[in-house]
Amino acid sequence: MNAITATGLRRSYGDHEVLKGVDLFVQRGTVFSLLGANGAGKTTTVKILSTLIRAHAGSASVAGHDVARDPNGVRRSIGVTGQFSAVDNLLTGRENLKLMADLNHLGGAGKIKVQSLLEQFDIADAADKPASTYSGGMRRRLDLAMTLVGSPQVIFLDEPTTGLDPRSRRAMWDIVRRLVADGVTIFLTTQYLEEADELADRIAVLDNGKIVAEGTADELKRRIPGGHVLLQFNDPRHLDAALRVVRNASRDGEALALRVPNDGSVSSLKALLDRLDEHSVLVDSLSTHTPDLDDVFLALTEKVVQP
Ligand code: ATP
């Protein structure tokens, strides 16, 4: 079942058309990452899906509620957390969470929920200190914990780890994975493609107002050139034999190695190995190299990046 469905979303600011027909399908209990250059329209998309602004055309539903016809239903089902923290610095971590529990009318159950979130998010030791004394990582964890007081089914995470050190970033990733294991759906925007690679089940690239590519990280990486297989030989005669039978192979520097363009799919690897086998070419070892998401992002979006 889809947690988020959007078809033909359009939105302009004045005569600047930011979204030109965006379609999105996000399965429940998965992480979906929307990538795009600065100004591509990611925040605009999140704002439409979280009912902060209306689309000028198209339709969308989140957690089974139509964003235009039932915005309150959407709001009851989602959490939004991002770059601009909702944490009140003058309050302690516990008080911030308590405030959210009161806003969600949790009554007596609120106290238990607050304590459980403090422990789950590793802020119990600092629970009664003012949030102004928290590190950046603690503040982000508190911010996300505050979103979870209302038990949302869908969470929009806008750049959740920007500015965090690698350890805090990994702690945040673990939290996201736990949430997804519990059935929550995460809609993630991030500047760090490594983060999308780590967390996202599916990734969409927004460019020039449209989704230009969508798939798993591996599918996207296979779409662009640059992937190759490195064949390692322990005898120069075998390398020469391989050069004769494999198309487009090139020597890899001084090493006894050949670089063969390849998309890294099982079928193309099998075809390459079968061909070498047919000609009795002995390969010592091989490794595959696929482009990373940075390569994908640059290849798919570079045409419109402003100078
Ligand atoms: P970033 O990665 O920089 O956060 P983004 O992909 O989230 O960018 P948006 O914030 O959705 O992009 O903005 C898309 C475009 O719409 C930008 O050109 C921006 O200047 C413009 N824009 C956004 N909000 C408004 C607004 N309220 N009024 C006018 N233009 C806006």
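Ala 86 is exposed (over 50% relative accessible area, with a 1.4 Å probe and protein chains only), at a relative accessible area of 54%. The residue sits in the loop between strand 6 and helix 3 (93–103). This is a predicted model, in which local features need pLDDT of at least 70 and side-chain atom pairs count only at pLDDT 80 or more, while totals for chains, interfaces and linings use all residues. Residues are numbered from 1 along each chain as its sequence is written, and side-chain values use heavy atoms, with hydrogens and water left out.

**Overall architecture**

- The protein chain holds 11 helices and 14 strands. Both are DSSP runs numbered from the N terminus: helices are H or I with at least four residues, strands are E with at least two.
- The C-alpha trace spans about 80 × 50 × 40 Å along its principal axes.
- Of the 307 residues, 45% are buried. Buried means under 20% relative accessible area, and partly exposed covers the range between buried and exposed.
- Among contacts with a separation of 6 or more, 67% join residues 24 or more positions apart. A contact means heavy atoms within 4.5 Å.

**Surface and charge**

- The chain exposes about 15,900 Å², and carbon and sulfur atoms supply 49% of that area. Accessible areas come from the Shrake-Rupley method with a 1.4 Å probe; for residues, only the protein chains shown count as cover.
- There are 36 positive and 40 negative charges, and their mean positions are 4 Å apart. Lys and Arg count as positive, Asp and Glu as negative; His and the chain ends are not counted. Each charge is placed at NZ of Lys, CZ of Arg, CG of Asp or CD of Glu.

**The largest pocket**

- The largest pocket contains about 690 Å³ of space. Its lining has 29 residues, and the closest to the pocket centre are Ile 78, Gly 79, Val 80, Thr 81 and Thr 147.
- Six elements are listed as giving two or more residues to this lining: helix 1 (42–49), helix 2 (71–77), strand 6 (78–81), helix 5 (136–148), strand 7 (154–158) and strand 8 (185–189).
- Strand 6 gives the most, with 4 residues.
- Pockets and cavities are found on a 1 Å grid over the protein atoms alone. A pocket is an open set of points with protein on both sides within 12 Å along at least five of seven lines. A cavity is a set of points where a 1.4 Å probe fits but cannot get out. Lining residues have an atom within 4 Å of a point.
- Grid points are joined across faces, edges and corners, and a volume is the space filled by probe spheres set on the points.

**The cavity**

- The structure holds 1 cavity of 30 Å³ or more. The space in the largest cavity is about 40 Å³.
- Thr 81, Gly 82, Arg 140, Leu 157, Asp 158, Glu 159, Pro 160 and Met 172 line the largest cavity.

**Helix 1**

- Helix 1 is largely enclosed by the rest of the structure, because 6 of its 8 residues are buried. These are Lys 42, Thr 44, Thr 45, Val 46, Ile 48 and Leu 49.
- Thr 51 follows helix 1 and has a positive phi, near 70 degrees.

**Positive phi in loops**

- Glu 159 is not a glycine, yet its phi is positive at about 45 degrees. The residue is in the loop between strand 7 and helix 6 (166–181). Glu 159 is buried, with 8% relative accessible area.
- Asn 208 has a positive phi near 50 degrees. The loop between strand 9 (202–207) and strand 10 (210–215) holds this residue. Asn 208 counts as partly exposed, at 46% relative accessibility.

- Met 146 lies in helix 5 and is buried, with a relative accessible area of 4%. Leaving aside neighbours within four places in sequence, Met 146 contacts Ala 86, Val 87, Asn 96, Leu 97 and Met 100.
- Ala 86 touches Asn 96, Asp 143 and Met 146, not counting residues up to four places away in sequence. Ala 86 and Asn 96 are 10 residues apart in sequence, and their C-alpha atoms are 9.0 Å apart.
- Phe 121 is in the loop between helix 4 (109–120) and helix 5. Phe 121 is buried, at 1% relative accessible area. Beyond neighbours within four places in sequence, Phe 121 contacts Arg 141, Leu 144, Ala 145, Leu 148 and Ile 175.
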